[in-house]
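The exercises below are to be worked with the sequence and the 3D structure open. Each has a task, followed by a solution in steps.

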Amino acid sequence: MRLVLSPNKAHLILSCTRKLARSGSGFWRDYHEVHPEVTVLDPPNAIEHLNNRQSMLEEVADLNLSSFYEEVCTPRQLVIMKDPSSIPTAVAMAGLTLPLVAKPLVVDGTSKSHELSLAYDEASLPMLDPPLVLQEFVNHGGILFKVYIIGEAIQVVRRFSLPDVNTYDLLNNVGIYRLPRVSCAAASADHADLDPRIAELPPRPLLEKLGRELRGRLGLRLFNIDMIRELGANDRYYIIDINYFPGIWENAWL
Ligand SMILES: Nc1ncnc2c1ncn2[C@@H]1O[C@H](COP(=O)(O)OP(=O)(O)O)[C@@H](O)[C@H]1O
Ligand SMILES: [Mg+2]
């Protein structure tokens, strides 16, 4: 297998695989027979696995990466397929704590699939629009770690994220708040003047183990993990999102 290093070529192959994945595996097999010269970096069906916010985090939930020093987990979450009126009961039965981040279940490259909202109170939950994932909001000091996995190489950068939710917000906010698309516009926080406990990058050995495990379980080599560290619990990390091949070429280090 060859690694294509030209940005344009790699993007071309990526868009091909997305289209081909949608056309079904038979089409993909035929294409590969006719064009054996095209490098397959990652199989389309494995890429598709990341297009659903439930299946993308399943592998993380199954990982046993917690050690004496750190814990890696996913926020508690619930999938709602339909019937918004059933959401308050489903949330209560699952024991989820508000506020909840509501995320469209399917990530299909449209901006709508990245329209997230924050639900503060139970009474507003029926206003949400399934199918979606409801995830507990985790305070994390407003900083997100973007971890890029490229084969065995790992790069991590800091990005500004959503601010923490405090007691005042909890007491005074009601309803559903549309969240800004922070993940796309997020400015780099690599040189910001931050509290060192918030700025500190996740430990390298942890990221290496995580990258290795997820590469194997997802069957992919090029992907990105959005990771946050719980405020006040310096060793507890949450993986909130995994994307395939995200903006990799914008990173000068490649
Ligand atoms: N469970 C959560 N707790 C706290 N913040 C979250 C949580 N989930 C998402 N966020 C915030 O929302 C942003 C977007 O969420 P994400 O799941 O990465 O969706 P997408 O990148 O598809 O828009 C994250 O970068 C983070 O700032
Ligand atoms: Mg994201």
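**Exercise 1.** Classify Asp62: is this residue buried or exposed?

Solution. Count the other C-beta atoms within 10 Å of that of Asp62: there are 9, so Asp62 is exposed. The cut-offs are 20 or more for buried, 12 or fewer for exposed, and partly exposed in between, with C-beta atoms placed from the backbone. Next, locate the residue: Asp62 belongs to helix α4. Helices (H or I, at least four residues) and strands (E, at least two) are DSSP runs, numbered from the N terminus. Finally, Thr74 is 12 residues from Asp62 in sequence, with 10.0 Å between their C-alpha atoms.

The model is a predicted one, in which local features need pLDDT of at least 70 and side-chain atom pairs count only at pLDDT 80 or more, while totals for chains, interfaces and linings use all residues. Residues are numbered from 1 along each chain as its sequence is written, and chains are lettered from A and ligands numbered from 1 in the order in which they are written.

**Exercise 2.** Find the buried residues of helix α4 and state what they pack against.

Solution. Helix α4 covers residues 53–62, and its buried residues are Arg53, Met56, Leu57 and Val60. Because these cover an arc of only 75 degrees around the axis, they lie on the same side of α4; the arc is that of the directions from the helix axis to the C-beta atoms. As a check, an α-helix has 3.6 residues a turn, so residues three or four places apart point the same way. The buried residues of α4 pack against β3 (100–104), β5 (132–136) and β10 (236–244). Contact here requires C-beta atoms, placed from the backbone, within 7 Å.

**Exercise 3.** Describe the largest nonpolar core.

Solution. A nonpolar core is a set of buried Ala, Val, Leu, Ile, Met, Phe, Trp, Tyr and Cys residues joined through C-beta atoms within 7 Å. The largest has 29 residues, and those with the most contacts inside it are Val147, Phe223, Met227, Tyr238 and Ile239. At least two residues of this core come from each of α4, β6 (143–150), α9 (204–218), β9 and β10. Another core, of 12 residues, lies apart from it and includes Ile87, Leu116, Ala119 and Leu132.

**Exercise 4.** Give the strand order of the open sheet of 5 strands and identify its edges.

Solution. The order is β2-β5-β3-β4-β8, with antiparallel pairing. Two strands pair if DSSP finds at least two bridges between them. β2 (77–80) and β8 (176–178) each have a single partner strand, so one side of each is left without a neighbour in the sheet. Inside the sheet, 3 bridges join β3 to β4 (residues 117–119), and Val101 is opposite Leu118 in β4.

**Exercise 5.** Which residues does UniProt list for "binding site", and how exposed are they?

Solution. The unreviewed UniProt entry lists Asp226 and Asp241 for this feature. UniProt positions are in the numbering used here, feature names are shortened, and annotations may be inferred rather than shown by experiment.

- Asp226, in strand β9 (residues 222–229), is partly exposed, with 19 other C-beta atoms within 10 Å.
- Asp241, in strand β10, is buried, with 22.
- Asn243, in strand β10, is partly exposed, with 17.

Definitions and conventions. Contact = placed C-beta atoms within 7 Å.
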